[in-house]
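Please open the model in your viewer and keep the sequence panel beside it, so that each selection can be followed in both places. The tour goes from one stop to the next, and each stop says what to select and what is there.

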Amino acid sequence: MDNAHLAVLLEEKIGKSVSEQGFELVELLCRQNQGSFTITALVDRREGGITLDECVSLNSLIGEFLEKEDLIPGSYILEVSSPGVDREFSKKKDFMRSLNCKIKFFLKEQVDGKIEWDGVLEQVKDNDLIVKAKQGYIVIPLEKVNKAKRIIE
């Protein structure tokens, strides 16, 4: 199995395992370096916020699962951590977790004459983000978002 297929399989299996524990797999990164395989699982609560102890517990759970399933040929390193409150995001599920938060948007093309917006994300509707900015409500199509980041005050 090539690395791309392995990454997809791992994301599916680890995502399910993490979800059964009440958490969400935000992102799974798989890298191969000099014969060693590194798996980094960024995990969060569905509502946001995960503790170090919960990361340690999930690391053990995922490690046991990987050993049992024997999906990875050779040695590997497993890292489980929080995605962090100020990480960049662009997927619909990232925005769903950030409702009622202040966000800075960097767009691929202008919306209402601007390429950068900030405001409170009030709603995710189909593939549109409804944002309350200083100028009023704006609708940002998800496909126009290059990246976005929560504003921590």
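Helices (H or I, at least four residues) and strands (E, at least two) are DSSP runs, numbered from the N terminus. This is a predicted model, in which local features need pLDDT of at least 70 and side-chain atom pairs count only at pLDDT 80 or more, while totals for chains, interfaces and linings use all residues. Residues are numbered from 1 along each chain as its sequence is written, and side-chain values use heavy atoms, with hydrogens and water left out.

**Stop 1**

Select strand S1 (23–33), strand S2 (36–45) and strand S3 (76–81), which form an open sheet in the order S1-S2-S3 with mixed pairing; two strands pair if DSSP finds at least two bridges between them. At the edges lie S1 and S3, each of which pairs on one side only, and from one strand to the next the twist averages 15 degrees. Between S2 and S3, which run parallel, there are 6 bridges, and if you select Leu-42 you will find that it stands opposite Ser-81 in S3.

**Stop 2: the cores**

Which residues touch the most other members of the largest nonpolar core? Among its 21 residues, they are Leu-10, Ile-14, Ile-39, Val-43, Leu-66 and Val-80. A nonpolar core is a set of buried Ala, Val, Leu, Ile, Met, Phe, Trp, Tyr and Cys residues joined through side-chain atoms within 4.5 Å, and buried means under 20% relative accessible area, exposed over 50%, and partly exposed in between (1.4 Å probe, protein chains only). A second, separate core of 17 residues includes Ile-103, Trp-117, Ile-138 and Ala-148. In soluble globular proteins, nonpolar side chains tend to be buried together.

Return to Leu-10 and display its surroundings: beyond four places in sequence, the residues that Leu-10 touches include Leu-28, Phe-37, Ile-39 and Leu-66.

**Stop 3: Glu-24**

Next select Glu-24, which is found in strand S1 and counts as buried because its relative accessibility is 15%. The side chain of Glu-24 makes a polar contact with the side chain of Arg-97 at 3.4 Å; a polar contact is a pair of N or O atoms within 3.5 Å, where within protein one must be able to donate a hydrogen and the other to accept it, and residues adjacent in sequence count only if both atoms are side-chain atoms.

**Stop 4: a sheet of six strands**

Move on to the open sheet of 6 strands, whose order is S4-S9-S5-S6-S7-S8 and whose pairing is antiparallel. Its edge strands are strand S4 (88–89) and strand S8 (136–141), each of which pairs on one side only. Strand S5 (residues 102–111) is joined to strand S6 (residues 114–125) by 6 bridges, and S5 is joined to strand S9 (residues 145–150) by 5 bridges. Select Lys-104, whose bridge partner in S6 is Asp-118 and whose bridge partner in S9 is Lys-149.

In strand S4 you will find Phe-89, which counts as buried because its relative accessibility is 6%. Leaving aside neighbours within four places in sequence, Phe-89 is in contact with residues including Phe-95, Ile-103 and Ala-148.

**Stop 5: positive phi**

Most residues other than glycine have a negative phi, and most peptide bonds are trans. Asp-70, in the loop between H2 and S3, has a positive phi of about 50 degrees although it is not a glycine, and at 61% relative accessibility Asp-70 counts as exposed. Finish at Asp-126, in the loop between S6 and strand S7 (128–133), which has a positive phi of about 55 degrees and is exposed, with a relative accessible area of 59%.

Notes: Contact means heavy atoms within 4.5 Å. Axes are lines fitted to C-alpha atoms, for helices over the stretch in contact, and angles run from 0 to 180 degrees between N-to-C directions.
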